[in-house]
Structure formats: structure tokens, C-alpha cells
Amino acid sequence: DTSRPEYKSFATFLQSIIIIIMFVKKDLRKIPQILADATSRAVASPPSHPNPADDDDNNDDGNDNENSNTTKKNDKNNSNNADDDDDDDATIVTEVRFARRAPEFLPSCGVSLLLEPRYRPALDNLVQLSLYDCGLQTLTGMELQSSSSSLDVGGTGGGGGIAPPLFPKLTSLDIGRNPKLTNDSLPNTFHTQFPRLLQLWSDDCGFGPDIPPSLLEMERLEVVRMTGNRLEGKLEGGIGIRYWKSARVLAFDGNKLSGVGKGIGKLKYLEKLHLRGNKLVALPEGVPGGDNSNLTAIGLSSNQLTSLPVSLLDVAATLKELYLNGNQIERLPEGLAEKLVGLTKLNLAHNIIGNGEKDTSAAGSQSTRGITNDGDVTMEDAEDDGIRPPPLPQDFVDRFGMPDPLTGMCTKDECVVRMEGNPMAESIRKKHLEEEKRKAKEMAMETEAETTESIQ
């Protein structure tokens, strides 16, 4: 019987095992063996297909920090062909993942192992490279070289000129979870070795208090992730004006940023902006701005915001997700709910909405003035007797409804709004529980009276 709970539990367990086998497929060879194999393939079959860096399929912003493995593409049709034994010698390795291989990078804790001249043909073909969680402390060697250096394979440079970049086709680089990588770990000309880089993953490193200049100079970047670093103060003001003008995703969660520059409001390709877990008190005027015409998600949770940016209305046509939980927001502006028509997710949990409200205001009982018996907020006479207007504007209540007494969620609209942890929601919850307790007590008293009467 497949409907029995124990069968479903076993099926779920089996499915989990299959997923683990599929995605945790580690190449058991050592790094030199992998690079030697990639080099031999590159030498035996020089790439003739279009540059993989120009393929739109390589522009996804999803994080993929799996264990080390390789992806091979056929040089005739640019399709995955790793399992075709007949064409195996004609495949070129375009992706290597050396994640979680810290012991192999000892004792230098650097990347010299990858940069040996004999492996240069392999580097020329790489499109994706992961050095995630490898215990790295320095990236020395990934810098501008003279053609007479040891990295000039075959002597093609000659004459002491500038050697070609180490990674001419690389579009995605993951150096995340290397906490000992700091600003001093990067050579000044680091950016020159990645002329086509589109995605930079550097979460959980030690960069700060400012963004390293060599990373800012990577002008083609579309995805930049620097969560969990040591960035402090105001975020680089040149972003969006001089740097990273093609950015689609910016993630600076978990730092100590106290401000951002107005240039972010000029990023016309920006889709997602993550600034969670910082020390932001407010956003500058124009962030977000009208130029952010593709912005769909903003993450500002766990900061110190006291109000919402008025300029949110400038991205009303595209914004779908807005995370403001864990701030110090006390009330919402009029017109927000009415104009942000595209919202599918709105999180306002654990703010101070309704803080200090009297019981006769919207934060009070649903049976008191300010909230009608059916749960609708009324605005008339809100300011009489010194009572402030309700913390939830009428357009908000009309669209989303009032917080549910038990869950704290507003569920009237398709966009469910999370309000739990706010004084207003907690007040409604408390009064609801008190009312339920009163009803239960009355019912118990009535039952006891009926029992007594029947005995008599």
C-alpha cells in the first residue's frame, strides 16, 4: 500500500539518497592529474567552436559549490559528450571544480599548483573555475605577466612583452569560503587575468573594510556575491557609475555596511539587491531609482531601518519581492500597497509596527475604535484625543487585510504579508487569546450549571 506513512517515509529517504549520489560526485583524482588530463585534451584537440564565454547559458546566477568534478564539451558541436567513449579524446574540459580540497593546496595555501606552465593549455579553455573552501590565503600568481616569464608556453610571446591572460575565456570564478583571503591577498593586476568574467563568488572571505580595487576593475561582472566578508562603512560609491555597470545581482549580506552609494540607483540591468544583515539606517535618495527598471527583489532584512525608502515607488512596475523583516520600522507610508502591484512576497516581521499604540488605535482590539467588528481599519476620528493614525494605512488593509491573530500574516491578497513579531500583531494575538480564554471559561461555567441543574 503506497499510501501508508511508512512507505512514503522510505520513498522520501530513497529519493534523498539518489539526489546525494547525483550531486555529490567527486572526482577522486588529484589536482595535477585532472589538470594534466585537461591539458592533453586541449593540446590534442584545439577548440574550434565559438568562444564559450559568449554563450548565454553560462550567465546563470545560481550558486554551485559542489565537490570537484569536470564538465567536458565536444569541440565539434559544443554539447556535453562526457559519456561518449568514441569521442572522449576529442572533448575539451571547460569547467573544473576544486571545492573542498584544502590539503592539496598546502603548504603554500596559494594557487601556484594551478599555474604551472605545463597546464597553461587547460587554463586557456576554462569557462568555470571553483576554488571554494580550499584554505587559500593568497592568489599571488594570478597577475599581469611578461611574456618572457615562466608562464609563456611555447615562447610565443617573446620580446619581453605582456603575456596573454591566464583565463581568457573564464566567465565564472568561485573563491568563496576562504576566510583568510583578504585585500592583501589579491595582486594589483588580478583583474587583468579574467577579461570575460561575468560571475564572481566570494562569499565568506575576509575582504574589507573596502572592496579590493582589483575586483572593482572587473568591468564585465554581472553577478557579484560578497556576503559574509568584512566590509564596513559606506559601500563603494562608484558602483553603478564607474564600476560594475552591467551588474544584475549584487549581494553584500552579512557585512557591517552603514550606507550605500547613489550609483546603485543607476544600474539599469540590476535584478536583485541583497543588503541583509548590515547596519543600514536608511538608503540614499534615489536608491532604488527609476533607472533600476529590471529590479525584482530587494533584501534589507536585519538592518536598522526606521522607515521605507520613498523611491520604492520608482520600481513599482517590476518589484516582486521585498524583505524588510528585523528592522525598526514603526509605520508604513500611504500608497505603498496600492502602487506596488507586482509584489508576490512582502516580509515585515519583527519590526516595531504599532509600537506605543493605545488600545483605541489600530494596534488595539479588533472590537475597539480604529478597527471595526469585521476586522477593517477605519480612519475617521483617528487623531481625536491625541490618538495617532493607525500604523497600517487604509490602502494596506484594503489589499492585504489585518494580521491573523494566530499567525500574524495578512492573507487577503495573493501576496501574503508576514507581520509576526510586531507590537500590533502581538497585541491582536494577545487579545484574541484572552477572548478565546474568556469564551472557554463561560462555556465551562454554562456546562457546569447545566450539569448541576440536571442533578437537581
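The model is predicted, with local features requiring pLDDT of at least 70, side-chain atom pairs counting only at pLDDT 80 or more, and totals for chains, interfaces and linings using all residues. Residues are numbered from 1 along each chain as its sequence is written, and side-chain values use heavy atoms, with hydrogens and water left out.

**Whole protein.** Begin by colouring the protein by pLDDT (the predictor's confidence in each residue, from 0 to 100). The mean is 81, and 74% of the residues reach 70 or more. Select residues 48-87 next: pLDDT there is below 50, and the stretch has 99 contacts in the model beyond near neighbours in sequence; a contact means heavy atoms within 4.5 Å. Residues 150-158 also stay under 50, with 13 contacts beyond four places in sequence. Where pLDDT is low, the predicted coordinates should not be read in detail.

Now switch to a cartoon view, in which 7 helices and 15 strands can be traced. Helices (H or I, at least four residues) and strands (E, at least two) are DSSP runs, numbered from the N terminus. Of the 456 residues, 46% are buried; buried means under 20% relative accessible area, exposed over 50%, and partly exposed in between (1.4 Å probe, protein chains only). Among contacts with a separation of 6 or more, 66% link residues 24 or more positions apart.

**Helix α2.** Select residues 31-44, the 14 residues of α2. From first C-alpha to last, α2 reaches 20 Å, close to the 20 Å expected at 1.5 Å a residue; the expected span is 1.5 Å times one less than the number of residues. Display I31, I34, L35, A38, T39, R41 and A42, which are buried in α2. They lie on the same side of α2 because they cover an arc of only 165° around the axis, the arc being that of the directions from the helix axis to the C-beta atoms. Turn to the face away from this buried side to find the exposed residues V43 and A44.

Select β2, residues 91-97: 7 of its 7 residues are buried, so the strand is largely enclosed by the rest of the structure.

**Helix α7.** Finish at residues 423-455, where the 33 residues of α7 reach 48 Å from first C-alpha to last, close to the 48 Å expected. Its buried residues are M424, A425, S427 and I428.
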